[in-house]
Amino acid sequence: MNSLKEKNMPDPLLKVDHVTISYNGEATVQDVSFELKQGEILGIVGESGSGKSTIIKAVMGLLGEEGLVTKGDIWYKGENLTDMSEKKLRRYLGTEIGMVFQDCKAALCPVRKIGVQIHEAVSEHERITKKETRRRAGEIMKKIGMDDYERVLDSYPFELSGGMNQRVGICTAMIMHPNLLLADEPTSALDVTVQKQVVEELLMMRKEYQTAMILVTHNIGVVRAMADRILVLQNGIVRDYGETENVLDHSSDLYTQKLMDSVLHLKRNQEE
C-alpha cells in the first residue's frame with residue numbers, strides 16, 4: 001500500500017521507460033530509464049559515442065530516417081512522444097520542449113539578423129508582433145547579462161562571439177518559457193570564463209522559470225555545478241544513475257570510477 005507521501009509525489013515531467021534506440025536496425029542505446037521532475041536537472045555523461053546525444057534527439061524526435069526507438073516509451077506529461085504524430089510533436093517543440101545546441105552559431109542562419117530569426121521561431125507557435133518579440137527577447141537577454149541586447153538583435157551571427165551566439169541560443173530556447181530544456185554540450189566550444197557564465201545563466205533560468213533540464217556534457221565540473229542527478233553511459237548502456245554527489249564521489253561502478261579518475265586535476269609544484 002502506497003504511503004500518503006508517495007501519493008502526494010508529483011508525477012514526472014519526463015519519463016524515459018526502458019528505451020532502446022537503433023540506427024539501421026543496430027541498437028546504439030539499450031534499455032535506458034530515468035525520470036525528470038519540474039525544475040530538476042539531469043546530467044548525462046560518458047565518453048564520445050556512448051549515446052548521450054542520441055537520447056535527447058529521441059526526445060525531440062530528431063533521430064532521422066535511420067534512427068528509431070525500437071523498445072520502450074518516452075512519456076512527457078503523461079503523453080507518449082514515441083507514438084505521437086510528427087504534427088502533434090511539433091506543437092510541443094519550442095513551446096514545451098526547448099533545445100540548446102552544442103554550437104548555436106551553426107544552428108543559426110548566417111545571412112539573417114538575430115532578431116529576425118528569433119521572431120520567426122516564436123511566430124511558428126503564436127501570433128506575435130516583431131516589437132513584442134524584441135521586448136520578450138530583450139527581457140531574457142538582460143537576465144543572462146546581455147545588456148546590449150538591441151545591438152545583438154540587430155547583428156548577424158558572424159558579428160558575435162561564440163559566447164554571445166551561445167547566449168542567443170539560450171534566449172531562443174527560453175523565450176517560450178518551455179517546461180523542459182535539452183542542452184547538448186552547451187559549453188564545449190567556449191573558454192572557461194564564458195563556460196562559467198553560461199552555467200550561471202542556465203541555473204538562473206531554472207530558478208526563474210522552474211525549467212527542467214537534461215544536460216549532455218563531457219565536462220564533469222559543469223555537471224557537478226548544475227545537475228541534481230547523473231546518468232552515466234558506456235556504449236549505450238547505463239552504468240550508473242543517481243544523485244550527483246553519490247555518483248561522482250561514492251560510486252561502486254568501476255567504469256564510473258574510471259571516468260571520474262580521468263578528470264584532469266592540476267596542482268602547482270610547491271618549491272621549498
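**Close-up views of a predicted model**

**View 1. Helix 8 against helix 9.** Helix 8 (residues 162–174) and helix 9 (residues 192–209) pack with their axes 10 Å apart and at an angle of about 15°. Because angles under 35 degrees count as roughly parallel, helix 8 and helix 9 are described as roughly parallel to each other, and helix 8 passes helix 9 in a right-handed crossing. On the side of helix 8 the contact is made by Gly163, Arg167, Ile170 and Met174, while helix 9 contributes Val194, Gln197, Val198, Glu201, Leu202, Met205 and Tyr209. By residue class, this contact of helix 8 with helix 9 divides into 7 nonpolar, 2 polar and 2 charged residues. The structure shown here and in the other views is a predicted model.

**View 2. Helix 5 against helix 8.** Helix 5 (residues 114–123) packs with helix 8 at an angle of about 25°, the two axes being 11 Å apart. Helix 5 and helix 8 are therefore roughly parallel to each other, and their crossing is right-handed. The contact is made by Ile114, Ile118 and Ala121 of helix 5 together with Asn165, Val168, Cys171 and Thr172 of helix 8. The residues of this contact of helix 5 with helix 8 divide into 5 nonpolar and 2 polar, with no charged residue.

View 3. Threonine 133 has its place in helix 6 and counts as buried, at 2% relative accessibility. Leaving aside residues up to four places away in sequence, threonine 133 touches Ile118, His119, Val122, Ile128 and Ile175.

**View 4. Helix 2 and the glycine that follows.** Of the 9 residues of helix 2 (residues 52–60), 7 are buried, so this helix is largely enclosed by the rest of the structure. The buried residues in helix 2 are Lys52, Thr54, Ile55, Ile56, Ala58, Val59 and Met60. Helix 2 is followed by glycine 61, whose phi is positive, near 70°.

**View 5. Asparagine 235 between two strands.** Asparagine 235 is found in the loop between strand 9 (229–234) and strand 10 (237–243), where asparagine 235 is exposed, with a relative accessible area of 57%. When residues up to four places away in sequence are not counted, asparagine 235 touches Thr28 and Ser50. Asparagine 235 and glycine 46 are 189 residues apart in sequence, and their C-alpha atoms are 8.5 Å apart in space.

View 6. Most residues other than glycine have a negative phi. With a relative accessible area of 39%, histidine 177 is partly exposed. Glutamine 210 is partly exposed, with a relative accessible area of 41%, and touches Gln38, Gly39, Asn179 and Met205, not counting residues up to four places away in sequence. The C-alpha atoms of glutamine 210 and glutamate 86 are separated by 27 Å, the two residues being 124 residues apart along the chain.

**View 7. Confidence along the protein chain.** The protein chain averages a pLDDT of 87, and 92% of the residues score at least 70. Confidence is lowest in helix 1 (residues 4–8), at a mean of 48, and highest in strand 1 (residues 14–23), at 96.

Key
Residues numbered from 1 in each chain as written. Predicted model: local features only at pLDDT ≥ 70, side-chain atom pairs only at ≥ 80, totals over all residues. Heavy atoms only, no water. Axes fitted to C-alpha atoms, helices over the stretch in contact; angles between N-to-C directions. Helix = DSSP H or I, 4+ residues; strand = E, 2+ residues; numbered from the N terminus. Parallel < 35°, antiparallel > 145°, perpendicular 65-115°, else oblique. Left-handed = near helix turned anticlockwise from the far one by under 90°. Contact = heavy atoms within 4.5 Å. Nonpolar A, V, L, I, M, F, W, Y, C, P; charged D, E, K, R; others polar. Buried < 20%, exposed > 50% of the residue type's maximum accessible area, 1.4 Å probe, protein only. pLDDT = per-residue confidence, 0-100.
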